[in-house]
Amino acid sequence: MKAFITIEGNDGSGKSTVIEGLKKVFKERGIDTVFTREPGGSMIAEKIRQIILDPVNTAMDDKTEALLYAASRRQHLTETVIPALEQDKLVICDRFIDSSLAYQGYARGIGIEKVLEVNMFAREYLPKVTYFFDVRPEVGLARIQGRDKIDRLDLEEFSFHQKVYDGYKEVCKLYPERVKPINGEREI
Ligand code: TMP
């Protein structure tokens with residue numbers, strides 16, 4: 001079953017928990033699926049991830065950040081996603097281009113259009129469907145409070161996460177055919 005599906009949402013929106021559940025169910029049912037993530041999903045892209053998320057890199061410029069996400073996306077698409085789709089596999093990806101539109105485009109203030117342009121230069125490729133886990137930032141952040149793994153974006157203030165959420169709402173308006181919101185505030 002060939003399809004490229006992505007899952008999006010604020011930090012703490014429950015994406016990873018749901019993806020773990022999907023992995024189990026799909027395995028039981030014998031659905032051949034490639035589960036992957038961004039930033040990352042290939043060796044080189046995972047190395048770029050380490051640079052982007054390293055909490056010591058506080059001096060990282062916003063556009064550098066946007067370009068690194070786009071670079072890791074191109075490598076991931078070329079090395080992992082597209083070859084799997086060519087083998088008729090289902091690919092489910094934890095975060096993709098809409099994260100860049102919401103985080104770098106909207107929350108960092110670069111502009112959704114500009115970030116879209118950079119990503120289209122990197123490689124023009126959009127998912128068939130994207131599920132946006134709609135969880136308000138105060139709810140998401142409360143869920144991940146106390147989690148020991150802290151990355152550079154976790155160090156951002158509440159107002160940043162609020163902007164990310166507003167950015168996702170813009171993305172939903174821009175792509176109503178592709179991006180489907182799901183209420184993520186309910187129990188698993
Ligand atoms: P993760 O914690 O879901 O693995 O994602 C790492 C962080 O990177 C998360 O805070 C969201 C952020 N991010 C962006 O800012 N832009 C992007 O394009 C992607 C894929 C992730």
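**Pockets and a ligand**

Mentor: H4 gives the most to the shell around the ligand, with four residues. Helices here are DSSP runs of H or I with at least four residues, strands are E runs with at least two, and both are numbered from the N terminus. This is a predicted model with residues numbered from 1 along each chain. Local features need pLDDT of at least 70 and side-chain atom pairs 80 or more, totals for chains, interfaces and linings use all residues, and side-chain values use heavy atoms without hydrogens or water.

Trainee: Which residues come nearest to the ligand?

Mentor: The shell around the ligand holds 15 residues, where "near" means a heavy atom within 4 Å. The ones that come nearest are Tyr69, Arg73, Arg95, Ser100 and Gln104.

Trainee: How far is the ligand's oxygen atom from an N or O atom in the side chain of Ser100?

Mentor: Polar contacts are pairs of N or O atoms within 3.5 Å. The side chain of Asp11 has an N or O atom 3.0 Å from an oxygen atom of the ligand. For Ser100, the distance from such a side-chain atom to a ligand oxygen is 2.6 Å.

Trainee: And how much of the ligand's accessible area does the protein cover?

Mentor: Let's start with Gln104, which has a polar side-chain atom 2.8 Å from a nitrogen atom of the ligand. On its own, the ligand has 480 Å² of accessible area (Shrake-Rupley, 1.4 Å probe). The share that the protein covers is 93%.

Trainee: Which elements give two or more residues to the shell around the ligand?

Mentor: The ligand takes up the space of the largest pocket, on the rule that more than half of its atoms lie within 2 Å of the grid points. Its shell gets two or more residues from each of H2, H3 and H4.

Trainee: What is the volume of the largest pocket?

Mentor: Pockets are open sets of points on a 1 Å grid over the protein atoms alone, with protein on both sides within 12 Å along at least five of seven lines; in a cavity, a 1.4 Å probe fits but cannot get out, and lining residues have an atom within 4 Å of a point. Volume is the space filled by probe spheres set on the points. For the largest pocket that gives about 610 Å³.

Trainee: Which residues are closest to the centre of that largest pocket?

Mentor: Its lining has 30 residues. The residues closest to the centre are Asp11, Lys15, Ser16, Arg49 and Arg95.

Trainee: How much space lies in the second largest pocket?

Mentor: Its lining includes Ser13, Gly14, Phe133, Arg143 and Asn183. H1 and strand S5 (179-183) each supply at least two of the lining residues. The space in this second largest pocket is about 270 Å³.

Trainee: Is the peptide bond from Glu38 to Pro39 cis or trans?

Mentor: Pro39 lies in the loop between strand S2 (33-37) and H2. Omega for the bond from Glu38 is near -10°. That peptide bond is cis.

Trainee: What is phi of Asp88?

Mentor: You'll find Asp88 in the loop between H3 and strand S3 (90-94). Its phi is positive in a residue other than glycine, with a value near 65°.

Terms used: A polar contact is a pair of N or O atoms within 3.5 Å; within protein, one must be able to donate a hydrogen and the other to accept it, and residues adjacent in sequence count only if both atoms are side-chain atoms.
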